Amino acid sequence: MFSNFIDYLDSIKERDPAPRSRWEILFYPGVWALGLHRVAHWLFRGEMFFLARFVNHLARFLTAIDIHPGAKIGQNFFIDHGFVVIGETSVIGDNVTIYQGATL
């Protein structure tokens, strides 16, 4: 699990020239939004819809990125900057980068 997280951070570093280290990437709102989405999606799949939406709203408040708990997102997904909306029926594959202001 830890090596998957390191691989994820490295995939972001490859696509974004700005960070100087993995530690800097940990401050990216897209990383936080995706991590909280993984929790919300797990709750959503377990039919704990209220808790899933609560985590979703918390993530949106903290990051300005709104990812519906029902959205299916692959590995190494990267949101560069914020103000992104991803709806419930969205299916996003592996190694995808989305830039600011996108709506899916």
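Which residues form a nonpolar patch on the surface? In this predicted model, local features need pLDDT of at least 70 and side-chain atom pairs count only at pLDDT 80 or more, while totals for chains, interfaces and linings use all residues. Residues are numbered from 1 along each chain as its sequence is written, and side-chain values use heavy atoms, with hydrogens and water left out.

The nonpolar patch consists of Trp42, Met48, Phe50, Leu51, Phe54, Leu58, Phe61 and Leu62, which together have about 970 Å² of accessible area. Such a patch takes residues with over 30% relative accessible area and no salt bridge, nonpolar side chains (Val, Leu, Ile, Met, Phe, Trp, Tyr) being joined within 5 Å; a salt bridge is a side-chain nitrogen of Lys or Arg within 4 Å of a carboxyl oxygen of Asp or Glu. Areas follow the Shrake-Rupley method with a 1.4 Å probe. Helix α4 supplies the largest share of the patch, 6 residues. Leu51 lies in α4 and counts as partly exposed because its relative accessibility is 43%, between the limits of 20% and 50%.

The structure also holds 1 cavity of 30 Å³ or more, a cavity being a set of points on a 1 Å grid where a 1.4 Å probe fits but cannot get out. The largest cavity has a volume of about 60 Å³, taken as the space filled by probe spheres set on the points. Its lining residues, those with an atom within 4 Å of a point, are Ala33, Leu36, His37, Ala40, Val55, Asn56, Ala59, Ile65, Asp66 and Ile67. Two or more of these residues come from each of α3 (29-45), α4 (49-63) and β1 (65-67), where helices (H or I, at least four residues) and strands (E, at least two) are DSSP runs numbered from the N terminus. The greatest contribution to the lining, 4 residues, is that of α3.

How values were computed:
On a 1 Å grid over the protein atoms alone, a cavity is a set of points where a 1.4 Å probe fits but cannot get out, and a pocket is an open set with protein on both sides within 12 Å along at least five of seven lines; lining residues have an atom within 4 Å of a point. Patches are made of residues with over 30% relative accessible area and no salt bridge: like charges are joined within 9 Å, nonpolar side chains (Val, Leu, Ile, Met, Phe, Trp, Tyr) within 5 Å. Buried means under 20% relative accessible area, exposed over 50%, partly exposed in between (1.4 Å probe, protein chains only).
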